[in-house]
Amino acid sequence: MTEQPKPERSILIAEDDLVSRHLLETILGKWGYRVIAVSDGLEALRVLKGDDAPSLAILDWMMPGMEGPEVCRRVRELPQRPYTYIVLLTARTQQGDLLRGLESGADGYLTKPFDAEELRARVHVGERIVNLQNNLLAAREELEFRATHDALTGIWNRGVVLDALQRECSRQAREGGSVGTIMIDLDHFKQVNDTHGHPCGDIVLREIARRLGSCVRPYDTLGRYGGEEFLVVVPSADSVGALRMAERMREAIRATPITTQQGPVRITASLGVAVSGNGQLLNPEALLRLADDALYRAKARGRNCCELAPPVEPEAPASEEQVPAPLRSGSQ
Ligand SMILES: [Mg+2]
């Protein structure tokens, strides 16, 4: 045996004939497969539907419970499953029957009594197809990851965090409650790049993303907003909760210098916090603007601090410009 399959590769044999089943079990076991052997079609379907189902299957045509082609049809109907390569085992040699077997979604067939070399060829083709399929799936997952994550830090990208903000604001409009946003900007980050070089700056950004990640809950969304700016969407947070989280983040960044090849780099951040809640409903743009204004005030106050946006005064708009947009467009 020159080629051995990976030890974890398993194969299902569904065959009611005891002699034939044992023969298949012995041969495939010798080739290194973990063999799952069953003797009826319903049991075969149960195995193939299960979690951790084998990706290769040899199904006898005539079996109690359910015939091989029907098992095959049912497997093909399952949505969102990794591919199962299915070989039908049959004593039938009439061409019409074989076509019917293939139409059920089988990948190939093997006539009984089978020849070991032919079995091996079929199984190897199956291995190749399953591997190709798995590679395609992995490539698609990789693409999805790249489309949604920041390449440098591995956290969500700007598009995803803005989507999360939109979603949370819509949820708040439907169900009430509150939404918090925290905008974080590293202080004098340009100096890190200028003094130590961009590779060092990248290490700092990655470490900051990691530290910020350790401050959020599983249902918060942390993303990279721009160069050295990060944005967090905090569902159901009131002002006190959002400000407390921002303080934890500020401290996580400030407390320990970041280890780089150029030595330890000390950095701080300024944070702006804004919350939509307590009876006032802000749209994503307004919330972002408030967080941004608060961040600006934190910078003006001397950096390395958190600022909370004051509640918006809903009453008595002083001029035409301060009337909310929907009202203005409604009056035109
Ligand atoms: Mg049979």
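## Exposed loops and buried helix faces

Asn304 has 17 other C-beta atoms within 10 Å and is therefore partly exposed. This description comes from a predicted model. Asn304 sits in the loop between helix 10 (284-300) and strand 12. Its phi is near 50 degrees, a positive value in a residue other than glycine.

His188 also has a positive phi, of about 50 degrees, although it is not a glycine. The loop between strand 6 and helix 7 holds His188. His188 counts as exposed because it has 12 C-beta neighbours inside 10 Å, and 12 or fewer is the cut-off for that class.

The table sets out these two residues.

| Residue | Phi | C-beta atoms within 10 Å |
|---|---|---|
| His188 | about 50 degrees | 12 |
| Asn304 | near 50 degrees | 17 |

The peptide bond from Lys112 to Pro113 is cis, with omega near -5 degrees.

**Helices 7 and 8**

Helix 7 (residues 189-196) packs against helix 8 at an angle of about 140 degrees, and their axes are 7 Å apart. That angle makes helix 7 oblique to helix 8. Val192, Asn193 and His196 of helix 7 meet His198, Cys200, Gly201 and Val204 of helix 8. The contact residues comprise three nonpolar, four polar and no charged.

Helix 8 has 16 residues, which at 1.5 Å a residue should span 22 Å; its end C-alpha atoms are 22 Å apart, in agreement. Which residues of helix 8 are buried? They are Gly201, Val204, Leu205, Ile208 and Leu212. Seen down the axis of helix 8, the buried residues fall within an arc of 100 degrees, so they line one face. An α-helix has 3.6 residues a turn, so residues three or four places apart point the same way.

Val240 is exposed because 11 other C-beta atoms lie within 10 Å. The C-alpha atoms of Val240 and Val275 are separated by 9.6 Å, although these residues are 35 residues apart along the chain.

Definitions and conventions:
Residues are numbered from 1 along each chain as its sequence is written. This is a predicted model: local features need pLDDT of at least 70, side-chain atom pairs count only at pLDDT 80 or more; totals for chains, interfaces and linings use all residues. Axes are lines fitted to C-alpha atoms, for helices over the stretch in contact, and angles run from 0 to 180 degrees between N-to-C directions. Helices (H or I, at least four residues) and strands (E, at least two) are DSSP runs, numbered from the N terminus. Angles under 35 degrees count as roughly parallel, over 145 as roughly antiparallel, 65 to 115 as roughly perpendicular and the rest as oblique. Two residues are in contact if their C-beta atoms, placed from the backbone, lie within 7 Å. Ala, Val, Leu, Ile, Met, Phe, Trp, Tyr, Cys and Pro count as nonpolar, Asp, Glu, Lys and Arg as charged, and the others, Gly among them, as polar. The expected span of a helix is 1.5 Å times one less than its number of residues. A residue is buried if 20 or more other C-beta atoms lie within 10 Å of its own, exposed if 12 or fewer, and partly exposed in between; C-beta atoms are placed from the backbone. The arc is that of the directions from the helix axis to the C-beta atoms.
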